[in-house]
Amino acid sequence: MSRLFEIAAGLDAAGTGWGLVLVGSRLDARRIRDELVAILADLRDQPAPAEALELEDAAAFRRSWAQRGDGVLVASVGESFRSESWETLELAREELRASGRRLVLVLDEAQARAMGAAAPNLLSVFGAGVERLEAERTLTPAQREERLAALRSRFSLSDQELIDRWTEGTIAPDPDIAEWLVLLGRGDLLQSPAA
Amino acid sequence: MSGAPTEVHDLRSRIGGSLPPLAEESAERLCERLRAVLIRAAKRDAMICTRKDVNDEVVLADPPQDLARKHPDARAIVAGSKDRATKGALRRPDGAWLHFAVTVREHGSGPLVLLAYGFEVCFPGGHAPEWLRFDLNPPGSDNDDRGMRSHFHPGNKSIQVPCAAMTPADALLLCIYDVQVRHR
């Protein structure tokens, strides 16, 4: 199950309120921010309802808040964002929320701890709108085996026979073969298309 | 097929067209794009699956970590069962259901390379044909010689008809909205 997609769809369905996405140690907050913006754009019929932003200067961000558009603002924090900036945002939280504009913060664990230490009242603004995101999960082992069994049955070949025949060029290309090779960790046997 | 004249090969290539570029740079992003297509279709009542159905059905199909370590760049996104008779959760109001698989190659930075796909619409009992499938075969000499890398099967795996190569999102849209039973 895609947690990021579920989070985005939940934000889309909620329509209002702020959100906080805590990303696990193996994930990059900026990449997650950009993917969240892209998913939100896909979920809506109107173009680009969400905007990505990297917070560097909370005071400047506070001043620019009123000039921003109406879509959801999805923000990560930059390297220069310090505890004083969290305090600035905490002091401005009611003013920012009163505008009705939605803010979603994407933070890694260290950034979330820094926010909690410097701006505990800001953390409380998010309330129940805090989501945790770990690395994307894929097929379970049982699901993978089920698909492999179906492929073996369809072609009446074992995994090794498939690999042998593909490398020998004695089996016709088929999309199921491409999937089969990927499931076996042999995607290297798939050529890229000619340029 | 192998005995077809050159002009037929040329015709197949023209119908198939160039491989469309993908905008996505990761398999995760493409996976989320395909989920979004289905969710938007459900909002329009063109699909009757829920958000949870879409989340559960459309998944990455990476190999186990110990196998992926050596060859990490080719990845797959799959949805629904490979058993044609199994009705998955990706259903249309007319009773048809969809399943698909897409294989791509990542390059770290830059767009994904589309390697293969299969998008299938299965119809409820008594319908003819029972299924229709859009295929993009992986690159290989057999396809390239015949100009039939992109084709569809009208309910018979032995019959292939050339068709335009599509992005995975476009192929999914076609299956949702255009492969429909037209009533007189």
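1. The accessible surface of chain B in this predicted model comes to about 8500 Å², and 51% of that surface belongs to carbon and sulfur atoms; such areas come from the Shrake-Rupley method with a 1.4 Å probe. Of the 184 residues of chain B, 53% count as buried, where buried means under 20% relative accessible area (1.4 Å probe, protein chains only).

2. Chain B has six helices and seven strands, which are DSSP runs numbered from the N terminus (helices H or I, at least four residues; strands E, at least two). Along the sequence they follow the pattern α-α-α-β-α-β-β-β-β-α-β-β-α.

3. Turning to the partner chain, 49 residues of chain B are in contact with 42 residues of chain A, contact being heavy atoms within 4.5 Å. Chain B and chain A bury about 3900 Å² between them, 58% of it on carbon and sulfur atoms; this is the accessible area (1.4 Å probe) that the two parts lose on being put together, summed over both.

4. Between chain B and chain A there are three salt bridges, each a side-chain nitrogen of Lys or Arg within 4 Å of a carboxyl oxygen of Asp or Glu. The side chains of B:Arg133 and A:Asp176 meet in a salt bridge, at 3.4 Å from N to O. Several elements of chain B give two or more residues to the side that touches chain A, among them helix 2 (27-43) and strand 5 (131-136), and helix 2 gives the most, with nine residues.

5. As for conventions, residues are numbered from 1 along each chain as its sequence is written, while chains are lettered from A and ligands numbered from 1 in the order in which they are written. Because the model is predicted, local features need pLDDT of at least 70 and side-chain atom pairs count only at pLDDT 80 or more, whereas totals for chains, interfaces and linings use all residues, and side-chain values use heavy atoms, with hydrogens and water left out.

Terms used:
Buried < 20%, exposed > 50% of the residue type's maximum accessible area, 1.4 Å probe, protein only.
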